[in-house]
Amino acid sequence: MATAAPSAASRIAVVTGASSGIGAATARRLAAAGYRVVLTARRKDRIEALAEEIEAAGHSATAYPLDVTDRAAVDEFATAFRTIGVLVNNAGGALGADPVATGDPADWRTMFETNVLGTLNLTQALLPKLIAGGDGTVVVVSSTAGHGTYEGGAGYVAAKHGEHVLAETLRLEIVGQPVRVIEIAPGMVKTDEFALTRFGGDEAKAAKVYEGVAEPLTADDVADTITWAVTRPSHVNVDLLVLRPRAQASNTKVHREL
């Protein structure tokens, strides 16, 4: 699969962190909704395989390897477009679950750079293209962690609060421009990699997160919600949509059938 960025002749949706989980599911959903999706992530093989899958299904997709924390690379990526329709800022993730007293500053720095600065980089680079298109949408995939804290989560919570504030402030600053700013804040989502990455590949710790929860959200549940929000009429802005599984009442209150 070619990795050059596409022309801007059709409706384009850029999805970051598209190599797995919510990002990959969102790319599939948006492609099925008629968007030409541009898949970005660091793992070239993953996004190329997904682009081939989407193309085989009769839709349009292009893979573009990209590290959202590399501002020079992001700026170069943005030059490939005259206009775009949608930017889905999904790249991010959590590292560790240590208390503030012993948390690893390197993990905090990585989480801030990927979740907050990565979103900032793509949004700054592509906002002129979204405005130029006359009907743009910025989606920030944050988390319920961005709206309430919990023990052992301070680094991730801080990063997701940063993403939430970025989206909220951007909406104020560009009101009057033809661009919507949508924040989607999922709660407990069971994907193949999120908890495993957070706990450094410890499968037992990762499994513990979802233990006894009958039906946590899936990546496709979140992708369906993102696509619904994006495909509302242009004058409808879904400012903030929080979604959780029925078994989760808050970040710290989860029903487990043990």
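I take a contact to mean heavy atoms within 4.5 Å. I note that this is a predicted model, where local features need pLDDT of at least 70, side-chain atom pairs count only at pLDDT 80 or more, and totals for chains, interfaces and linings use all residues. Residues are numbered from 1 along each chain as its sequence is written, and side-chain values use heavy atoms, with hydrogens and water left out.

**Whole chain**

In the chain, 73% of them join residues 24 or more positions apart.

I looked up the secondary structure next. I found 8 helices and 7 strands (DSSP runs numbered from the N terminus; helices are H or I with at least four residues, strands E with at least two).

I then checked the dimensions. The C-alpha trace spans about 50 × 40 × 35 Å along its principal axes. The radius of gyration is 18 Å, which agrees with the value near 18 Å for a compact globule of 258 residues (taken over C-alpha atoms; the rule is 2.2 Å times the number of residues to the power 0.38).

**Surface**

I see 47% of the 258 residues counted as buried (under 20% relative accessible area, with a 1.4 Å probe and protein chains only). The chain exposes about 11800 Å², an area from the Shrake-Rupley method with a 1.4 Å probe. Carbon and sulfur atoms supply 52% of that area.

**Thr137**

I picked out one residue. Thr137 lies in strand β5, residues 136-141. Is Thr137 buried or exposed? Thr137 is buried, because its relative accessible area is 2%. Leaving out residues up to four places away in sequence, I list among its contacts Gly85, Leu130, Arg180 and Val230.

How values were computed:
Buried means under 20% relative accessible area, exposed over 50%, partly exposed in between (1.4 Å probe, protein chains only).
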